[in-house]
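Hello,

Here is the structure for your files, with notes on what was found in it below.

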Amino acid sequence: MTHSISTPDLCDEFPDVQVLEPLFINYGGVESFGGEVVTIKCFEDNSLVKAAVAEPGAGRVLVVDAGGSMRCAMLGDMLAEQAAKSGWAGVIMYGCIRDVDEIHATQLGVQALGCYPRPSIKRGEGQRDIPVTFAGVTIVPGDFLYADNNGIVTSKEALIRTQPTP
């Protein structure tokens, strides 16, 4: 990234940004991150998450609407490591993750509702690149998302210049 992200500064400078409700915990090794959004909607099945993190991330943010499930983890250390290697800036998980110590050591932004040790099942179900709504905000593929320890904001346009991770 060209510089660190401050969501309070973005809110001051761009009063029309959407702000997600304060439900998320910052677990990643990168505490502030941002980029263009790719969306996935799935419930207790992380097959599409696994496929997405293997693709070139190009500094984008994977936003996963996991239905707010607190019954399984939708991202663990292996998928987080793959996302970092593939160049994703971060993952927003409207659900749970696991392997939190390992994810904290990974060069990836990760925010989620909580952690849970049980993995998801894999049935190949879900949808990709559709609008998702959670935490009081609708996020559309191609939106821009910025996250730090203060919160998460989205915008239809890039608010700051970010650089893809190598």
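Which residue of S4 does Lys-41 stand opposite? Lys-41 faces Asp-65 there.

This is a predicted model, in which local features need pLDDT of at least 70 and side-chain atom pairs count only at pLDDT 80 or more, while totals for chains, interfaces and linings use all residues. Residues are numbered from 1 along each chain as its sequence is written, and side-chain values use heavy atoms, with hydrogens and water left out.

Strands and helices are DSSP runs numbered from the N terminus (strands E, at least two residues; helices H or I, at least four). Strand S3 (residues 33-41) contains Ile-40. That residue is buried, at a relative accessible area of 0%; buried means under 20% with a 1.4 Å probe, protein chains only. Beyond four places in sequence, the contacts of Ile-40 include Leu-62, Val-63, Val-64 and Asp-65, contact being heavy atoms within 4.5 Å.

S3 and S4 pair in the parallel sense over five bridges, where pairing requires at least two DSSP bridges between the strands. Strand S4 (residues 61-65) is largely enclosed by the rest of the structure, because five of its five residues are buried. From S4, Val-61, Val-63 and Asp-65 point one way, and Leu-62 and Val-64 the other.

S4 also pairs in the parallel sense with strand S5 (residues 90-97), over five bridges, and Val-64 stands opposite Met-93 in S5. The chain passes from S4 to S5 through helix H3 (residues 77-86) in a right-handed β-α-β crossover; right-handed means that, with the strands pointing away from the viewer, the path from the first strand over the helix to the second runs clockwise.

Regards

Conventions. Buried < 20%, exposed > 50% of the residue type's maximum accessible area, 1.4 Å probe, protein only.
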